[in-house]
Amino acid sequence: MSQVVGIDLGTTNSLVACVEGGKPVVIRDGSGNGLLPSIVSLDAAGAVNVGREAQRRLLTDAHRTVYSVKRFMGRGPDDVRAEAEHFPFRVEGHGSGVVRIGLGERHFTPPEISAYILRELKRRAEEYFQERGEFDFEVDRAVITVPAYFNDAQRTATRDAGRIAGLEVLRIINEPTAASLAYGLDRREAGTIAVYDLGGGTFDISILRVEDGVFQVLSTNGDTHLGGDDIDQLLGAVIVGAMREAGHLPGAAQGGVAPAPELLQAIRLAAIQAKWDLSDRAEAEIRVHLPGSQGGPLFTRSIPREEFEALIRPVIERTLEPCRQALADAGLEPRQIDEVVLVGGSTRIPMVRRAVEQLFGRVPHVGLNPDEVVALGAAVQAGIMVSGNRDMLLLDVTPLSLGIETMGGAMSKIILRNSTIPASGTEMFTTFVDNQTAVDIHVLQGERELVNDNRSLARFKLRGIPPMPAGLPRIQVRFQIDANGILSVSARELRTGIEQAIEVKPSYGLTDEEVERMLLESFEHAEADVESRLLIEARNEAGTVLRATEKSLRNPDLAAAQNDLAPGELTAIESALGALRGVMDAGDRGAIEQKTQVLNDVTRHLAEVLMNRSVRAALSGKNIDGI
Amino acid sequence: MSTEPRALTLQSCRHCGAGAPTELHFCPQCERILTLARHGDYFSFFGLPRKLTIDLADLERRFRDLSRRFHPDYYYNASSTERLASLERASYLNDAYRVLRQPLDRIEYLLKLEGVAAGGHQASSQPGQGMLGEVFTLNEELDEIRGARQAGVPGATLRERLEAARRPIDARAERQERQIEELAARWDAQLDTGAPPDDRRATLEALKSLLQERSYIANLLATVKREEEGL
């Protein structure tokens, strides 16, 4: 039987988890990292790098490296125009439709970029299952999490990403709800829980009632564009300002030129590090290291926690109104919440914890790692679905009302927000002119009265209506939101009973044909992607040999060992070392492997000599019986 | 809310063709989940009589139990017919629970089910005969308060006046709630004793006009509240 996993596809980091012996566990890479940076980079050779390797390339090749792609999922070019300026990569496309991200010669939709991240997690999980000795270690099914406040287009984009990565998406579940599942494993008593989830790019609040193993969401609210990224941008702007003042951005001082993308990334990373430091300390040192430089930091400035908190206060306050709205929608007062759970890396910030504690009047719960709890919950849900075990059940809600455009540009709601899903609604349509055979329907999601203030999901054309006098046809359109929070539409003319054909034009999504094509393309590029993996492995191997050699050259015994070495041996080693360093950053795997081999060969004798000396040293003064 | 198909006595299993009463969710012969082609109403779906008094804890328990039996999470490996049946039954269950849980939505649903034209949420634009005087007085007072506010009379004084003006309306709203409860209880009792159809219908008609009056008053109180917030 092939394997099933739970995946947290995050803005900043992604994780994969599975259920083992009835408990969810995070699957880690060879170095023990659970978190995979959600970063994808295309190198000069056209190979795709994912994760830490791609993160490294942010500082050397920023404009070909994509991060925070989740912010672009299911959105149109016009939606992201302002935001796109903060990113080093090209964001293309115009009007409505799908955003395209340009990296070098190639273009990718956000679901394709996300699919690279998913494929890397799939590979990580397959390696894990293989090592564990599973006969069929293929991972072909997954539960993937999304922010609770994701709309239909964003959910569909996530499901498309899964399909492009070759995964059957068993279920899309909401991140806060997933977190509550992970927490709920150990506790069975009834209660009302608030899950406050502030991640890298999104904010969610969900209020749940847990009883008898049923996790029922009462209400949810949030903001799909609010998170740690916003804090990093604020702090980054402060650093840029301070650097400009100190004359560190000469180009900028003279002509107002923006810093190079790589330097901006260095500043962003410095901001992130300072933000992390300030979670444990009252003051942090911002250190901007010039990309590629080996020396000390280009710029330093200390920042006290008070200054940081004054800076980020507006971001944190933006999370409080959704909390109040969710409480009101659930018909609850803050004091009626039995437990508050914190999820997402940004909840490590002390000020966030204080704000939550103040709002709900109780100390929030932080028993599980806030970075990992969502992936654990996704694995639990995957387990529920494949095992058929009915002890636990998740009942989620749709975060936004669903409606259609009526005369005059108003929205008529058909399914209200916070309705438990699956949910359905029907609406009757008729014709306006005699013998009209088609009707247009515009489907929207949102809470506002006017069409233009809400999110356009799709335009449908109902065709094949039997010719009749105007107003006579009775076409019943059924809107169905499934357990993934994704909409489907069907229609029937009631007088004739004829099922109507529906032509869908998603406003911000991909058509099924496009997803199919991308899946095929991903196979075509698979060769380049395998090459990319081999390149990463070659670099890792080279790094190991480099570090070992450097360590030998620093060995205090080296001077004494000189006599055991051939003349010119050290010079040869130095030269092989330099040669390997010289090819490390280029994309030529052959060269890296060859120079690694050379360095390995030329240092073998030195290693033996040093080894012998240390063995002799260890043995000296001991007789043979003592060994 | 959509019009529900009227109850028919039998549905048939898409898998084995066996007939089943509409209140059943699973085929009595092959035990598979039944397609939701023909069904009864929200009450019978929960296995409840059409009564207006509902024990909410009991309803919640039934909701959880049925969710455990229908939810699409448990059918992802089943045939497409069963998957669709699970999706539709779970959707219907969620709709039914949402409506039956709220006392007023429950009454409106019953009125529609019993063929007493609804119109509850649609506030009547005319107040009932008995309350014309009160409404008139309140509106007059609201006008005067608006004028006084513009003339610079302190908010605290006006708030007191507003409070006084809304008191009779509040009292009426409370009376209405009690009347609605009484009528609901009467309907339940009439069902139990098998009262004549005309008597039952009279109860429903009375409920209907009370609901309309209630929405009218709710709108009125919302106006007063907006006015208060403006002070």
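## Crossing of α5 and α11 in chain A

In this predicted model, helix α5 (residues 175–184) of chain A and α11(A) have axes that come within 7 Å and cross at roughly 75°, where axes are lines fitted to C-alpha atoms, for helices over the stretch in contact, and angles run from 0 to 180 degrees between N-to-C directions. The two helices α5(A) and α11(A) are therefore roughly perpendicular to each other, given that angles of 65 to 115 degrees count as roughly perpendicular, those under 35 as roughly parallel, those over 145 as roughly antiparallel and the rest as oblique.

From α5(A), the residues A:Glu175, A:Ala178, A:Ala179, A:Leu181 and A:Ala182 meet A:Val373, A:Val374, A:Leu376, A:Gly377, A:Ala378, A:Val380 and A:Gln381 of α11(A), a contact being counted if the C-beta atoms of two residues, placed from the backbone, lie within 7 Å. By class, the residues of this contact divide into nine nonpolar, two polar and one charged; Ala, Val, Leu, Ile, Met, Phe, Trp, Tyr, Cys and Pro count as nonpolar, Asp, Glu, Lys and Arg as charged, and the others, Gly among them, as polar.

## Interface between chains A and B

Contacts between the chains involve 20 residues of chain A and 15 residues of chain B. On the side of chain A that touches chain B, at least two residues each are supplied by β12 (168–174), α11 (373–387), β19 (393–395) and β22 (423–429) of chain A, and the largest share, four residues, comes from β22(A). The residues on this side of chain A divide into nine nonpolar, seven polar and four charged. For the complex, the predictor gives an ipTM of 0.81 and a pTM of 0.81.

## Sheets of chain A

Strand β15 (residues 214–223) of chain A pairs with β19(A) in the parallel sense over three bridges, and A:Phe215 has A:Leu394 as its bridge partner in β19(A).

A:Pro110 is placed in helix α3 (residues 110–131) of chain A and is buried, with 27 other C-beta atoms within 10 Å; a residue is buried if 20 or more other C-beta atoms, placed from the backbone, lie within 10 Å of its own, exposed if 12 or fewer, and partly exposed in between. Apart from its neighbours within four places in sequence, A:Pro110 is in contact with A:Val69, A:Phe72, A:Met73, A:Val99, A:Ile101 and A:Ala157.

A:Val238 is found in helix α6 (residues 228–245) of chain A and is partly exposed, with 19 other C-beta atoms within 10 Å. A:Val238 and A:Leu311 are 73 residues apart in sequence, with a C-alpha to C-alpha separation of 9.2 Å in space.

In helix α4 (residues 103–113) of chain B, the buried residues are B:Arg106, B:Ile107, B:Glu108, B:Tyr109 and B:Leu110, and they pack against α1 (42–45), α3 (80–101), α6 (155–193) and α7 (197–230) of chain B. B:Gly115, which follows α4(B), has a positive phi near 75°.

The mean pLDDT of chain B is 83, with 89% of its residues at 70 or more, pLDDT being the predictor's confidence in each residue, from 0 to 100. Over residues 1–7 of chain B, pLDDT stays under 50, and the model has seven contacts for them beyond four places in sequence.

## Conventions

Residues are numbered from 1 along each chain as its sequence is written, while chains are lettered from A and ligands numbered from 1 in the order in which they are written. As this is a predicted model, local features need pLDDT of at least 70 and side-chain atom pairs count only at pLDDT 80 or more, whereas totals for chains, interfaces and linings use all residues.

Terms used
Two strands pair if DSSP finds at least two bridges between them.
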